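Hi,

Here is the structure I promised to pass along. Have a look at it first, and my notes follow below.

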Amino acid sequence: MQELINRVVQNVGLDPALAEKAVGMILAFLQKEAPEAAGEAFAAMPGAAELAAAHAASEGGGGLLGGLMGMMGGGGGVMALGQQLMGAGLGMGQIQSLSKEVFAYGRETAGEDAMGALVGAIPGLSQFV
């Protein structure tokens, strides 16, 4: 995971601690929303499951919008993740760049099929990656 975090630091412009937190939040979201598909992808990405677990607790909440979406069914999905990342201090452009880096890394390590299955398992995710 350090390679991915380093890529995020370099290509997205986040400091290392925020890059690790943001990647962890995305991985925790993927694991929560599509555990089976995430497990297959994470198997090829050493440290992904551990980083996801470390940031799963910070993934809850989502502020008012996340709470409202939770009342409407589900945890708010992709929009709630965006709220959490913005709450951590990322702007929309940084979130888009971060997502691209995470999924590019996933395709390089886990393969197109595993990442495609993961994206397909989460409603609305395909428009952000």
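To start with a question: are H2 and H4 roughly parallel or roughly perpendicular to each other? Before the answer, a word on conventions. This is a predicted model, in which local features need pLDDT of at least 70 and side-chain atom pairs count only at pLDDT 80 or more, while totals for chains, interfaces and linings use all residues. Residues are numbered from 1 along each chain as its sequence is written, and side-chain values use heavy atoms, with hydrogens and water left out.

**The helix pair**

The axes of helix H2 (residues 16-33) and helix H4 (residues 48-56) cross at roughly 95 degrees and come within 7 Å. The two helices are therefore roughly perpendicular to each other (angles of 65 to 115 degrees count as such). Helices here are DSSP runs of H or I with at least four residues, numbered from the N terminus. Axes are lines fitted to C-alpha atoms over the stretch in contact, with angles running from 0 to 180 degrees between N-to-C directions.

On the H2 side, the residues that meet H4 include Val-23, Met-25 and Leu-27, and their partners in H4 include Leu-51 and His-55; contact means heavy atoms within 4.5 Å. By class, this contact has 10 nonpolar, 3 polar and 2 charged residues. Ala, Val, Leu, Ile, Met, Phe, Trp, Tyr, Cys and Pro count as nonpolar, Asp, Glu, Lys and Arg as charged, and the others, Gly among them, as polar.

**Salt bridges**

The count comes to 3 salt bridges, each being a side-chain nitrogen of Lys or Arg within 4 Å of a carboxyl oxygen of Asp or Glu. Arg-7 pairs with Glu-101, their closest N and O atoms being 3.3 Å apart. Arg-7 lies in helix H1 (residues 2-12) and Glu-101 in helix H7 (residues 92-109), so this pair ties together parts that are 94 residues apart in sequence. Arg-7 also meets Glu-108 in a salt bridge, at 2.7 Å from N to O.

Arg-7 and Glu-101 are both buried, whereas Glu-108 is exposed at 54% relative accessible area (buried means under 20%, exposed over 50%, partly exposed in between, with a 1.4 Å probe and protein chains only). Elsewhere, Glu-112 forms a salt bridge with Arg-107, at 3.4 Å between the closest N and O atoms.

**One glycine**

Gly-106 sits in helix H7 and is buried, at 0% relative accessibility. Leaving aside neighbours within four places in sequence, Gly-106 is in contact with Met-45, Gly-111 and Met-115.

Best wishes

Terms used: Angles under 35 degrees count as roughly parallel, over 145 as roughly antiparallel, 65 to 115 as roughly perpendicular and the rest as oblique.
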